[in-house]
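Here are some exercises to work through with the model open beside you. Try each task yourself before reading its solution.

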Amino acid sequence: MATVVKLHVFPESFNQHRTRLLRSSFFGPSTSSPPRVLGFGHNCEGLSVKQFRAFRSEDGGDLKEKKIRTLKKNEVNSKRESGFWNSLKYILLRSKSDDVYRHALVKVEEVLSVIAIQIGRYIVTMMSTGVILAIGFQMSGGDSQMDALIWYSWLGGIIIGTMIGANMVLEEHCRAGPRNVVITGSTRGLGKALAREFLLSGDRVVVTSRSPESVEATIKELEENLKEGINNAVGSSLSKLSHAKVVGIASDVCEPHDVQRLGKFAVNELGHIDIWINNAGTNKGFRPLLQFSDEDIKQIVSTNLVGSILCTREAMHIMRNQAKAGHIFNMDGNGSGGSSTPLTAVYGSTKCGLRQLQGSLLKECKKSNVGIHTASPGMVLTDLLLSGSTVQNRQMFNIICELPETVARTLVPRMRVVKGTGKAISYLTPPRILLALVTAWLRRGRWFDDKGRALYAAEADRLRNWAENRARFSFTDAMEMYTENTWLSVFSLSVVCAFIILSSTGNTNLPGTW
């Protein structure tokens, strides 16, 4: 049996206040107003709601919420139908109305035009590179030394051009619009570094952990970082940071009720969620399985595996009911690839389980607007890594480990612009591993001395110069971003090659050369 709500309103302002009230109730408040709930016995700017039960259907569901979910679902379906492949199908089959056909034709022409432009740019730049090489070989007159110089110049041009072009791409991606981000386990270590990097990229961030005190302290710290960033920013950077904000809530990812509460809080504060990062995790040290207590095992599995599953489910539920696509990141770790993890058997098994979860969800979410991804930070100098580590472990950390701020600086720009699903974003890539091994002798004593004592500065001291370090040019990032915009990199390569080759060939005409 349905019940009825009795409303007493001011007629002249009913429509305006009703719209404002419903938006506040169901879509969340604005950033400058406190949350308003469609309550009873309250006066809401001219709209007086008497204390009666809400209007519900016979099955107990709220009709207005159902209508909103239906509208959002229809909006998502409409967005899917306007995709490239559906548009192409409408053109080929001519199965829709003339308006839909024209819209589909415009969509297909737009996509094909972009593809043609990119292919044309690539062909032109590759041809220009070939022409430059041909001219160089022609001017060398068959001299073997000169030919070798031209090839070395070409190789140098590839490297330099790649770094220049890729860095331009990276900076362009960093200027992307604000994102709404939820990060679990974000009151210390890598999670806090990720939150700070997102915040200073102009994004809106929700931080969370078990401890209310830690959440409150982290929010205050990040707000101070944001204020410093705003004070030092100018122009477009200042405009970008004006949208940033950080909020937080205490929650235990092992508890389903807490996870649901976190999701509702994020939606109420942000409106929708673009990125959800399951960063919460624990290790309990390096030791054989027999030395782990029952409570240790339970906490590791609950936090790393069960918590990630619960949070992933909640994020999927939210993102499927919103019009805009969302992306979920689960954190890889030692054991993700199925390799053995002696002394961290429990931790490794949870990470291997997350990889299986990733594969399963990729198929389940294949036709949805939810992207399922992994992020691999590598070995980061955090409490999670250092707990229970030996002197020998710490000597190895000198070679392969990095600070949380350094890792976050690499991961966040890639997370912000991720598209599709099934992407793997890594910090410890093969080039970085190779560089670490080659320079291992230079990295001794980088973080720890021979007795395992820490040599690196505390987080508060590191952050004093962090803003300056954050703005520095990253050659490794640029190299890895090369494939994201090949034509720009090849164009830079052509320019560099032309300069080097023509300069070199010009010098051969001078007396005393070669």
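**Exercise 1. Find where Asp258 sits and what surrounds it.**

Step 1. Asp258 belongs to helix 9, residues 256-270; helices (H or I, at least four residues) and strands (E, at least two) are DSSP runs, numbered from the N terminus. The model is a predicted one, in which local features need pLDDT of at least 70 and side-chain atom pairs count only at pLDDT 80 or more, while totals for chains, interfaces and linings use all residues. Residues are numbered from 1 along each chain as its sequence is written, and side-chain values use heavy atoms, with hydrogens and water left out.

Step 2. Next, check its cover. With a relative accessible area of 17%, Asp258 is buried (buried means under 20% relative accessible area, exposed over 50%, partly exposed in between, with a 1.4 Å probe and protein chains only).

Step 3. Now look for partners. Setting aside neighbours within four places in sequence, Asp258 is in contact with Ser251 and Asp252, where contact means heavy atoms within 4.5 Å. A polar atom of the Asp258 side chain lies 2.9 Å from the backbone nitrogen of Asp252.

**Exercise 2. Describe how strand 4 is enclosed and what it pairs with.**

Step 1. Strand 4 covers residues 180-184, and five of its five residues are buried, so the strand is largely enclosed by the rest of the structure.

Step 2. Sort the side chains by direction. Asn180, Val182 and Thr184 point one way, Val181 and Ile183 the other.

Step 3. Find the partners; two strands pair if DSSP finds at least two bridges between them. Strand 4 runs parallel to strand 5 (residues 204-209), joined by five bridges, and Thr184 stands opposite Thr208. Three bridges join strand 4 to strand 7 (residues 275-278), also in parallel, with Val182 opposite Trp276.

Step 4. Strand 4, helix 6 (residues 189-199) and strand 5 make a right-handed β-α-β unit. A crossover is right-handed if, with the strands pointing away from the viewer, the path from the first strand over the helix to the second runs clockwise.

**Exercise 3. Follow the chain from strand 7 to strand 8, then locate Met319.**

Step 1. Begin with the faces of strand 7. Ile275 and Ile277 lie on one side, Trp276 and Asn278 on the other, and all are buried.

Step 2. Strand 7 pairs with strand 8 (residues 326-331) in the parallel sense over four bridges, and Trp276 stands opposite Ile328.

Step 3. Met319 is found in helix 10, residues 294-320. This residue is buried, with a relative accessible area of 0%.

Step 4. Read off its contacts. Not counting residues up to four places away in sequence, Met319 touches several residues, among them Ile275, Trp276 and Ile328. Met319 and Ser368 are 49 residues apart in sequence, and their C-alpha atoms are 9.3 Å apart.

**Exercise 4. Work out how Trp447, Phe448 and Tyr456 are arranged.**

Step 1. A pair of aromatic rings is described by the distance of the centres and the angle of the planes. Rings of Phe, Tyr and Trp (its six-membered ring) pair if their centres lie within 6.5 Å; planes under 30 degrees apart count as stacked, over 60 as edge-to-face and the rest as tilted.

Step 2. The structure holds two aromatic pairs. In one, the rings of Trp447 and Tyr456 have centres 6.1 Å apart and planes at 85°, so this pair is edge-to-face. In the other, the rings of Phe448 and Tyr456 have centres 5.8 Å apart and planes at 90°, so that pair is edge-to-face too.

Step 3. Trp447, Phe448 and Tyr456 form one aromatic cluster. Trp447 is buried at 9% relative accessibility, Phe448 is buried at 1%, and Tyr456 is partly exposed at 22%.

Terms used: Polar contact = N/O pair within 3.5 Å; in protein donor to acceptor, adjacent residues only side chain to side chain.
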